[in-house]
Amino acid sequence: MNVLLDNLSLYGEGLLGTVELTVYASLLALVLGFLMAAFRVAPVASLRVFGTAWVTVLRNTPLTLLFFAVVLGLPRFGLVLPFKLFAILALGCYTSAFICEAVRSGINTVPVGQGEAARSLGMTFPQTLGEIVLPQAFRSVIPPIGSTLIALAKNSAIAGAFSVVELLGVYKPLSERGYNIIWTFFWIAVGYLLVTLTISAIFNVLEKRFGVAS
Amino acid sequence: MITTTALYDVPGPRTRARHRLYAIGATVAILALAGWVLYLLFTTGQFTAAKWSPFLYKGIQELLLNGLGNTLKAFVLAAVLSLALGAVLAVGRLSDHRALRWVCTLVVEFFRAMPLLVMIFFIYVALQVAPLPALVAGLTLYNGSVLAEVFRSGVNAVDRGQREAAYALGMRKTQVMTHVLVPQAVRAMLPAIISQLVVALKDTSLGFLITYEEFLHAGKLIASNLDYDLPFIPVVMVISPVYIGMCMLLSWLANWVARRQQRNPKVEAVAVAAAEPGNLMTGGPQPPVR
Amino acid sequence: MPHRHSTRLRRTLVALALALLTLAVAGCGREGSPPVKGPKGSELPTYPVAKNFSLPESPTWERAKRRGHLVIGVKEDQPYLGEKDPATGIYTGFDIEIAKMMSAALGFPPSTIQFQTISSANRETALQNGQIDMYVGTYTINDKRKKLVGFAGPYYLAGQSLLVRTDENDIKGPQDLAGKRVCSAAGSTPYQRIQAEYPKAVLVAYDTYSVCVDNLLTYQVDAVTTDDAILLGYAAKVPEELKVVGKPFSEEPYGIGVPRADNALRFALDDALAAAEKNGNWRKAYDATLGLSGVPAPEPPPIDRYPAT
């Protein structure tokens, strides 16, 4: 218990770092994920190819390698960004591939008749997708997106090992100060549970409100 | 499929012309992006001889191959052990003894909720275990717990009639499990199991962060050498195709198995649950498309 | 149809990866190592192996004896101190020479040493869990660490200094760091000192100094701070781009880390160091490594033979 009380600000900073990473990377992942899903069902072949390549490559790349490439590789192009931004970029792009797949399978759960009806009303592809299909798909993708974002929060620990301030990184100064390492990790674990349970609660509420009543 | 028929009309001549225009526009945009990246690669001197010539040396190639070997070693160990742990935990969760069921549920839920890297660091730093066993233990605990859920849902997905028929034939609990339920469940869950192994393969790269001398570590040793002009980008260009290729090979295997299983009469009694994309986080099979 | 596209793409990529793999496995590689920058080193000294040496009171030594060789933790990315040639896997540098001297003095031929790379943050762990027998890698002796591990030596007195680009004119010492981005290794002594004494500096932390130097070269940070010995090694590698500025603003006595309880080993290493300093081996090792930076060999610091606790 002492480890936590003595270092409340350090833990708070770490927790805040994890939350910050998770929130920003989630936003990036959602935007990119929806965009790529739209690309993958678009009537334009080159966009479909781009979307498919994006998803295939990112889903098969280890996140550690992606971090390595983004954090150490991009600066070689003269792209100088704060370290946290690199981490958000890597996490967001990686997760966008999974969001894309969740959304795409969600689109496929919308009854064909809906799309056909929209079309017969003279709606264009962006209208059909944006106003008819995606809002309905949204309901069935709430749970998979929720678990994808929980995975993102867990994956943010990798950023800590690449020297971004977040929860896992808290162990280093604490072990240097000679605190009991097991309790140090115990409270780190509690911190992660706090974050993941919060996400899970938010998505439960979302699902109750907007979810498929079945 | 909704993607091609329901979202937009079969295009008429004007729409087709417009789509062609979009296609050209999009292609140009994508090519421009690719061109810009190539331009950056050239102007920042990523293709200089100093950065690439190290790869021509036998010692460097051996270093990379050794790293790859260590990655595969960790993967094979973790895969075998997590399958075993997954089986044990699944049996525990399906057990008739309430206490055992609860303990196994607790274990599974805990390790699924913890970030894998936190587990690995805990084992490495707090329990003071050497890098390879720490990595394998972390991978085993996490993937074993996920696989336990896969196994359990697989067994539960076997048609009830199968279980009832087996009991009616006078089989005992263990016999029903080993002779009737598990063989059918495993066949049906094989794609999901392979997908989880892809996750394990990808996560072996976490060993890099605890100084396990795997593939990425070998890459970093080359990339961070000032003598070679810090070839970070060439190293990424060399090692990422290998990682992506290995994962895609496994993913492709999962897809192939899934397609074969759909035609296999032996798994007819199992309602294959759709893989939950968020949970699996894999490069595994595409979620089933209607 | 998107699906067919993905399959085709996938097959192409798999084929590409396989082609690359075969190319690598085919092993059409050149022998030797890629060209190395910086001044060429002179002949490295050799150290006579102690005959009939025995240290039964030391469990670490006994374990090494059974194994037949020492396992020594070092750094792999510090030019002229502890550096691993990626192509040959051979470690070189001043710390490596110290390790070889110690191995010879303990009765194990230096050529049999198994070097293991351990990053700064994991040194104590590696010593405590027996992953390594001793650690020789810019390991500063301090009281906090003495609670976790034992220290033989010191064998070298370094001091914290600053490495900047040659085009940098604003930074002449630690007092000029306000608002500047300063890079150091996470959890290291230099990092903590800047944090405590120059709080206006913007600190950036990485696992290894080579990434810091990389960031310095790409204008991601304005200075790299750590011990002058390490910085001089980098400056000597690319003298046209990097320089070390200012006077050292700390004293960093480098010690050899050993398991905390193993006092017998610690005292044996102290004896070996004293002998090496006396018979000239210490200076020879310095001249063949760090001395290449142009800085002449300093006087070795007095050995701190603190009593067993």
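Trainee: Across which strands does helix 8 (residues 228-237) of chain C lie?
Mentor: Start with the terms: helices (H or I, at least four residues) and strands (E, at least two) are DSSP runs, numbered from the N terminus. Contact needs the C-beta atoms of two residues, placed from the backbone, to lie within 7 Å. Axes are lines fitted to C-alpha atoms, for helices over the stretch in contact, with angles from 0 to 180 degrees between N-to-C directions. Helix 8 of chain C runs at about 155° to strand 12 of chain C, and it lies across strand 8, strand 11 (223-227) and strand 12 of chain C.

Trainee: What kind of model is this?
Mentor: Residues are numbered from 1 along each chain as its sequence is written, while chains are lettered from A and ligands numbered from 1 in the order in which they are written.

Trainee: Which element of chain C has the highest mean pLDDT?
Mentor: Chain C as a whole has a mean pLDDT of 83, with 87% of its residues at 70 or more. Where pLDDT is low, the predicted coordinates should not be read in detail. Among the elements of chain C, helix 1 (residues 2-26) has the lowest mean, 60, and the highest, 94, belongs to strand 6 (residues 134-135) of chain C.

Trainee: Which strands are at the edges of the 5-strand sheet in chain C?
Mentor: This open sheet has mixed pairing and the order 10-9-11-8-12; two strands pair if DSSP finds at least two bridges between them. The twist averages 35° from one strand to the next. An edge strand pairs on one side only, and here the edges are strand 10 (202-206) and strand 12 (242-245) of chain C.

Trainee: Which residue stands opposite Leu163(C) in strand 12 of chain C?
Mentor: Strand 8 (residues 160-165) of chain C and strand 12 of chain C run antiparallel, joined by 4 bridges. In strand 12 of chain C, the residue opposite Leu163(C) is Val244(C).

Trainee: Is Pro259(C) buried or exposed?
Mentor: Find Pro259(C) in strand 13 (residues 252-259) of chain C, where it touches Thr60(C), Leu127(C), Val149(C) and Gly150(C), not counting residues up to four places away in sequence. A residue is buried if 20 or more other C-beta atoms lie within 10 Å of its own, exposed if 12 or fewer, and partly exposed in between, with C-beta atoms placed from the backbone. Because Pro259(C) has 23 other C-beta atoms within 10 Å, it counts as buried.

Trainee: Which residues of helix 6 (residues 189-197) of chain C are buried?
Mentor: The buried residues of this helix pack against strand 8, strand 9 (181-185), strand 10, strand 11 and strand 13 of chain C. They are Thr189(C), Pro190(C), Tyr191(C) and Ile194(C).

Trainee: How far apart are the centres of domain 1 and domain 2 of chain C?
Mentor: Domain bounds come from an automatic or database domain assignment, giving domain 1 (59-158 + 253-293) and domain 2 (160-245) of chain C. The contact takes 16 residues from domain 1 and 18 residues from domain 2 of chain C. Taken over C-alpha atoms, the separation of the centres is 25 Å.

Trainee: What share of the residues of chain A counts as buried?
Mentor: Chain A has 10 helices and 0 strands. Its C-alpha atoms fill a box of roughly 70 × 45 × 25 Å, taken along the principal axes. Of its 214 residues, the buried share is 56%.

Trainee: Which element of chain B gives the most residues to the side that touches chain A?
Mentor: The contact takes 49 residues from chain B and 57 residues from chain A. Several helices supply at least two residues of the chain B side, including helix 2 (13-43) and helix 11 (232-262) of chain B. With 9 residues, the element that gives the most is helix 11 of chain B.

Definitions and conventions: This is a predicted model: local features need pLDDT of at least 70, side-chain atom pairs count only at pLDDT 80 or more; totals for chains, interfaces and linings use all residues. pLDDT is the predictor's confidence in each residue, from 0 to 100.
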